[in-house]
There are 2 protein chains.
Amino acid sequence: MSDRHDHEQAIERWRVAPGDRVRLGDVATDATDGAPGDKHETEDACEELVERLAEWQGRLWAEQRQALLLVLQAMDAGGKDGTIRKVFTGVNPQGVAVSAFKAPSAEELAHDFLWRVHRRAPARGEIGVFNRSHYEDVLVVRVEELVPEAVWRPRYGAIRDFEASLGAAGTTVVKLFLHISKDEQAERFQARLDDPTKRWKFSTGDLAVRERWDDYRAAYEEAIAETSTERAPWYVVPADHKWYRNWVVLNVLLATLEGMDPQYPPEEPGLDDIVIR
Amino acid sequence: MSDRHDHEQAIERWRVAPGDRVRLGDVATDATDGAPGDKHETEDACEELVERLAEWQGRLWAEQRQALLLVLQAMDAGGKDGTIRKVFTGVNPQGVAVSAFKAPSAEELAHDFLWRVHRRAPARGEIGVFNRSHYEDVLVVRVEELVPEAVWRPRYGAIRDFEASLGAAGTTVVKLFLHISKDEQAERFQARLDDPTKRWKFSTGDLAVRERWDDYRAAYEEAIAETSTERAPWYVVPADHKWYRNWVVLNVLLATLEGMDPQYPPEEPGLDDIVIR
């Protein structure tokens, strides 16, 4: 499990350096840089990477000292659900806690915006996956003007502080923006409409959001620039090709876990003398 | 996905009828009744059953109207962790929420015994898995005399009412006792001691619990007899053979899900006229 250099090499081009302002329009949504081959070959490679992820998850769980939090953000139909299914199916669900954040409840709205996500932060030993997250509070909340700028703008700092505090307590945070083109979104919406087993995923409300594509993109650009840090970096993952997206996400997870390097815990002293009757 | 009769047939011999008092000593821990073949053939069959489980989970998730709660109980080394890993690895973790209940925290102890498990009850659309559960409050709590009988005995009724209330709200509850022999436990403890990647799982405290095997067995017998109901049945799963155990657990899940019969939800009206721009 020691080709960390490979995983790091696969992803460094997509990491947002602290302070960088990525112009999303300049990042190809259909990039496949560094992929180990075509779609089929990359999918095969992903199967191996999932097995490796499962091994690391076992170590993390055994160690019970660190946690990993993966934050997934994307435009609608950007592939958050599909990424979770493809990347984590094959990993023991006992150590994986997925939290989907939808429109907040009355109780959640009665608290600060980090309250509901903090409750769902992964425990030691776990990989936590956020399907949407506290970033919605500087994205949809901003674009739809649900609160004034004087409220949402200070949230960048609150988010940096929150994630730093998780990091200090042993939780490594990585954040992924699954980057699709507006055309790709149209195709995926259409595919949902055309498939009876997926039609339920489609809501006419999605079309109103689609009309504000440029506003959302600008909000993402600023949020990413404001909150990508050394310890809790953002990655912009080209996601038009699902197979490439999955491969990048797996490499992000593997590079991160290798950096965390969880170890099997020390055994109780005296185990060598035990005879079981 | 319609051989419900098969799944039902596979498991009915292990279901505890309401009011029945199973004598665990009379149930073979190494039984393999009804298995589709030997170890290898049954493992192959399980792979197919996991795929079927993944399909049902997708429907349950899409429907968002019902939930399934699987309660796993066993003696130490009975295979709770291994069952979760083998049965649910391969199912989308977004719809599976595993909760492990250990010694209660001070806050948990300051509440009634159902408080902490109720918080972890699966949401609509989810499969919840309890690795240990509220049953510990009539098992370890009873055997170790952590509270007097006047406290733990009324809990049987409280558990029946609690599970009935979950059922009335759309959550189907099934409870599995993974049934191993005392010899099998000894072998598994020894295997943990012999494997450097598993040694951390072993605690000398497990040996003290092992000495009270008969007390725990009696406590299980009563708890199962008192709480197996038509709507929330117990299954006693012969678990010395992991491959047979996994096959039974998968059949319990599949028979239960087929009984629940989740459906893709109706689509929004007017979707046929939509053109995406």
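This briefing walks through the sheets, helix packing and salt bridges of the structure above. The model is predicted, with local features needing pLDDT of at least 70 and side-chain atom pairs counting only at pLDDT 80 or more, while totals for chains, interfaces and linings use all residues. Residues are numbered from 1 along each chain as its sequence is written, chains are lettered from A and ligands numbered from 1 in the order in which they are written, and side-chain values use heavy atoms, leaving out hydrogens and water. Helices (H or I, at least four residues) and strands (E, at least two) are DSSP runs, numbered from the N terminus.

**The sheet in chain A**

- Chain A has an open sheet of 6 strands in the order β1-β6-β5-β2-β4-β3, and the pairing is mixed; two strands pair if DSSP finds at least two bridges between them.
- The edges belong to β1 (15-16) and β3 (96-100) of chain A, and each has a single partner strand, so one side of each has no neighbour in the sheet.
- Strands β2 (residues 67-74) and β5 (residues 171-179) of chain A run parallel and are joined by 8 bridges. Within that pairing, A:A67 has A:T171 of β5(A) as its bridge partner.
- β2(A) is also parallel to β4(A), with 5 bridges between them, and here A:L70 sits opposite A:V129 of β4(A).
- On to β3(A): 5 bridges join this strand to β4(A), again in parallel, and A:A97 pairs with A:G128 of β4(A).

**How covered is β4(A)?**

- Mostly covered: 5 of the 5 residues in β4(A) are buried, where buried means under 20% relative accessible area, exposed means over 50%, and partly exposed is in between (1.4 Å probe, protein chains only).
- Side chains in a regular strand alternate between the two faces of the sheet.
- In β4(A) both faces are covered, with A:I127, A:V129 and A:N131 buried on one side and A:G128 and A:F130 buried on the other.

**Helices over the chain A sheet**

- Helix α11 (residues 213-227) of chain A lies across β1, β2, β5 and β6 (234-238) of that chain, running at about 140° to β6(A). Axes are lines fitted to C-alpha atoms, for helices over the stretch in contact, and angles run from 0 to 180 degrees between N-to-C directions.
- Helix α12 (residues 242-260) of chain A lies across β2, β5 and β6 of chain A, at about 165° to β5(A).

- β2 (residues 67-74) and β4 (residues 127-131) of chain B pair in parallel over 5 bridges, and B:L70 stands opposite B:V129.
- α8 (residues 155-168) and α11 (residues 213-227) of chain B pack at about 45°, with axes 9 Å apart. That makes α8(B) oblique to α11(B); angles under 35 degrees count as roughly parallel, over 145 as roughly antiparallel, 65 to 115 as roughly perpendicular and the rest as oblique.
- The crossing of α8(B) past α11(B) is right-handed: a crossing is left-handed if the near helix is turned anticlockwise from the far one by less than a right angle, and right-handed if clockwise.
- In contact terms (heavy atoms within 4.5 Å), B:Y156, B:I159, B:R160 and B:E163 of α8(B) meet B:E222, B:A223, B:E226 and B:T227 of α11(B).
- The axes of α3 (residues 80-88) and α12 (residues 242-260) of chain B come within 10 Å and cross at roughly 60°, with a right-handed crossing.

**Salt bridges**

- Over all chains there are 36 salt bridges, each being a side-chain nitrogen of Lys or Arg within 4 Å of a carboxyl oxygen of Asp or Glu.
- A:R155 bridges to A:D137, with the closest N and O atoms 3.9 Å apart. A:R155 is in helix α8 (residues 155-168) of chain A and A:D137 in the loop between β4 (127-131) and α6 (140-143), 18 residues apart; both residues are buried.
- A:R212 bridges to A:E144, with the closest N and O atoms 3.9 Å apart. A:R212 lies in the loop between α10 (205-210) and α11 of chain A and A:E144 in the loop between α6 and α7 (149-152), so the pair ties together parts 68 residues apart in sequence.
- A:R212 is partly exposed at 28% relative accessible area, and A:E144 is partly exposed at 32%.
- In chain B, B:R212 bridges to B:D215, the closest N and O atoms being 3.1 Å apart.
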